[in-house]
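Please look over the sequence and the structure below. The paragraphs after them go through the chain part by part.

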Amino acid sequence: MLMTAFGGVMSLLYLAMLVLAVVALAMAVLYRDDAYRAADKQNKGFWLIILGIAVAVNLLVPMLFLQLAGLVASIVFFVDVRPALKQVSGGGWGRRRRGGSSSDGPYGPYNGGR
């Protein structure tokens, strides 16, 4: 019984590493190539190859050591590269509103015709 619980936990861990690698790859695809150069990081092709290998290893090779290497690459992308890309590109692909109210229009706040 303990071994089946351990197997379930490991399956969830493998799935989490796969999801993290896929999300990192998708985010790496969405940023422009010149943003990587402006942020003084490795180029877009480098990150696409590294994160693509991480996804492939998680899908095809059930070796924990290689999967952990892919996890490290994904974490480095999320912790180091992505914040630099967001700063350079003005928020990246997930832009949020900067201040203001939900009733603000393109020319200022909407006051209901008062």
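Does D33 count as exposed, partly exposed or buried, and at what relative accessibility? D33 counts as partly exposed, at 35% relative accessibility. Here buried means under 20% relative accessible area, exposed means over 50%, and partly exposed lies in between, with a 1.4 Å probe and protein chains only. The model is a predicted one, in which local features need pLDDT of at least 70 and side-chain atom pairs count only at pLDDT 80 or more, while totals for chains, interfaces and linings use all residues. Residues are numbered from 1 along each chain as its sequence is written, and side-chain values use heavy atoms, with hydrogens and water left out.

D33 is also a partner in a salt bridge with R37, the closest N and O atoms being 2.9 Å apart. A salt bridge is a side-chain nitrogen of Lys or Arg within 4 Å of a carboxyl oxygen of Asp or Glu. Side chains of opposite charge can pair when their charged atoms come close. R37 and D33 are separated by about one helical turn, because they are four residues apart in helix α2. Helices (H or I, at least four residues) and strands (E, at least two) are DSSP runs, numbered from the N terminus. R37 is exposed, at 55% relative accessibility.

By this rule the structure has three salt bridges. Another of them joins the side chains of D34 and R32, with N to O at 2.6 Å. D34 is partly exposed at 32% relative accessible area, whereas R32 is exposed at 57%. D80 and K41 form a salt bridge too, with their closest N and O atoms 3.1 Å apart. This pair links distant parts of the chain, since D80 is in helix α4 (residues 64-89) and K41 is in the loop between α2 and α3, 39 residues apart. Both ends are partly exposed: D80 has a relative accessible area of 39%, and K41 has 26%.

The loop that holds K41 also holds D40, between α2 (33-38) and α3 (44-60). The phi angle of D40 is near 60°, a positive value in a residue other than glycine. D40 is exposed, with 69% relative accessible area.

A polar atom of its side chain lies 2.9 Å from the backbone oxygen of V29, and one lies 2.8 Å from the backbone oxygen of Y31. Leaving aside neighbours within four places in sequence, K44 is in contact (heavy atoms within 4.5 Å) with residues including A28, R32 and Y36.

Helix α3 also contains V57, which is buried at 14% relative accessible area. Beyond its neighbours within four places in sequence, V57 is in contact with L66 and Q67. V57 and A21 are 36 residues apart in sequence and 9.9 Å apart in space, C-alpha to C-alpha.

The last stop is on the surface. L12, L15, V19 and V23 form a nonpolar patch there, with about 350 Å² of accessible area together. V23 is in helix α1 (residues 2-30) and is partly exposed, at 34% relative accessibility. Patches are made of residues with over 30% relative accessible area and no salt bridge, with like charges joined within 9 Å and nonpolar side chains (Val, Leu, Ile, Met, Phe, Trp, Tyr) within 5 Å. Accessible areas come from the Shrake-Rupley method with a 1.4 Å probe, and for residues only the protein chains shown count as cover.

Key:
Polar contact = N/O pair within 3.5 Å; in protein donor to acceptor, adjacent residues only side chain to side chain.
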